[in-house]
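Hi there,

Here is the structure I promised to pass on to you. Have a look at it first, and then read on for what I found.

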Amino acid sequence: MKAFDESEPPRYRERLATLVDGLVDRRRQIAKLQAEEAELLRDAQCLALERLDEPSAFPDRSGDIPLRSIAAEIGAATIQSDRTVQTHMSDAAILVERFPATLAALSAGQISRAHASVITDAGLAIADDDARAAYEVAVLPLAATETAGRLRPAARRLADQFQPLSLDERHRAARRDRRLWTTALDDGMAELGLIAPADLIHGIYDRATQFATSILDAERHPDTGDQLNGLEADPLPDRRSLDQLRADVACDLLLTGQPATAAQGSASPVRARIQVTIPVRSLIVEDDEPAYLAGYGPIDAATARCLAADAPGWDRLFIDPDTSALQLVDRYRPTAAQRRMLKARDEHCRFPGCRQPTDRCDIDHTIARAHDGPTTVCNLGCFCRRHHMLKHHSAWRVRQRPDGVLEWTSPLGRVYEDRPARTLTFAPAPF
Ligand SMILES: [Zn+2]
């Protein structure tokens with residue numbers, strides 16, 4: 001391949017130089033605009049905090065509802081998920097309020113938004129303003145010459161020098177952020193993430209590797225393995241790679257192993273379901289009239305009250321006092337068939353832009369039961385907990401059309417439609 005050097009015709013070099021200069025200039029302009037965007041997002045965050053401080057606006061001060069509502073307003077207007085917007089608002093507030101020199105460098109086009117994020121991520125734990133300012137002075141010249149990827153480890157090292165807390169103290173704080181989560185991937189796959197102390201994570205990885213390696217060894221030396229296991233040789237060799245084996249072993253352990261930190265039997269992933277019928281008087285006045293456990297018989301009222309306290313939902317039964325015949329079931333909870341229908345129709349939370357799967361959603365009555373909204377599919381919708389709360393605790397309003405389209409009206413009065421996901425798509429027939 002021919003090198004692009006001074007032997008190239010001058011017109012090529014001139015054209016490339018013009019392109020590069022143009023791109024450098026655009027990157028500077030983008031950085032300047034991103035600094036302005038950060039300031040606007042921070043202003044939006046301030047506006048939300050002001051609203052939260054007004055006791056009359058949110059009497060129960062329920063969480064960060066004004067913040068979520070404003071994030072949703074911006075997200076709907078800019079076609080972004082409101083979670084993303086809320087994260088951006090928080091990041092912008094950190095940049096503008098705590099890293100003024102970094103914001104100035106971004107505004108001047110000296111660094112990119114990616115560089116600024118690396119600097120704020122690494123320096124966020126420096127609580128003292130003077131120490132943080134000194135860290136900025138040290139890290140910004142590096143940011144002007146290194147890529148964001150290379151800057152990350154260098155920024156962490158520098159931040160450590162300006163950090164008054166010891167690693168032990170920070171580790172103790174960081175342990176509080178341990179968590180487990182999943183991320184959906186393409187082609188029917190998903191990713192399981194786990195943040196835990198590094199020694200445990202490495203121990204887990206090592207143990208899975210040892211299991212996987214022993215399976216590979218048994219494959220390579222079938223005689224030894226078969227003698228040990230007392231099995232006949234498998235006619236089909238195991239062709240899984242070490243990575244595949246490690247993943248399979250980890251799944252087996254997590255699905256079938258007992259968690260050592262939980263009491264025996266208390267951590268089963270499958271929750272037992274029972275049906276208990278309780279006289280309403282037993283619930284209200286602590287009457288001792290017994291309740292009935294389906295398939296068993298009467299159980300004591302105290303046990304029934306304990307079960308009732310944990311029940312996820314209720315069906316109200318109207319019983320003829322003379323004949324004890326069941327006259328009517330007033331169902332608040334959707335039936336299993338309605339749930340299946342809603343899962344198929346909605347696929348994910350029905351707030352514009354949200355992709356939380358229905359497994360993690362609440363089923364909401366569009367017109368509330370308190371206002372005589374029926375428990376029918378046309379009056380039900382799947383909302384994740386975040387957007388369910390937004391619907392009930394903010395000025396966002398929703399109306400459901402007969403075709404399942406939800407019309408959301410924002411606090412600014414703008415209307416956004418959320419259409420049900422199309423479960424079936426039709427490809428043109430091949431010739
Ligand atoms: Zn949602």
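Predicted model: local features only at pLDDT ≥ 70, side-chain atom pairs only at ≥ 80, totals over all residues.

For reference, the ideal angle for four tetrahedral donors is 109.5 degrees.

The atoms coordinating the zinc ion are SG of Cys349, Cys354 and Cys384, together with ND1 of His387, at 2.0 to 2.4 Å. Along the sequence, these donor residues follow the spacing C-x4-C-x29-C-x2-H. Cys349 sits in the loop between α14 (336-346) and β8 (361-365), while His387 belongs to helix α15 (residues 385-393), so this pair ties together parts that are 38 residues apart in sequence. Cys349 counts as buried because its relative accessibility is 0%, and His387 counts as buried at 0% as well.

The other thing I looked at is a helix pair. Helix α3 (residues 82-98) packs against helix α5 (residues 113-123) at an angle of about 80°, and their axes are 11 Å apart. The two helices, α3 and α5, are therefore roughly perpendicular to each other. On the α3 side the contact is made by Asp91, Ala92, Ile94 and Leu95, and on the α5 side by Arg113, Ala116 and Thr120. Sorted by class, this contact of α3 with α5 has 4 nonpolar, 1 polar and 2 charged residues.

Enjoy exploring it!

Best wishes

Note on methods:
Residues numbered from 1 in each chain as written. Heavy atoms only, no water. Donors = N, O, S within 2.8 Å, 3.2 Å for Na, K, Ca; no water. Helix = DSSP H or I, 4+ residues; strand = E, 2+ residues; numbered from the N terminus. Buried < 20%, exposed > 50% of the residue type's maximum accessible area, 1.4 Å probe, protein only. Axes fitted to C-alpha atoms, helices over the stretch in contact; angles between N-to-C directions. Parallel < 35°, antiparallel > 145°, perpendicular 65-115°, else oblique. Contact = heavy atoms within 4.5 Å. Nonpolar A, V, L, I, M, F, W, Y, C, P; charged D, E, K, R; others polar.
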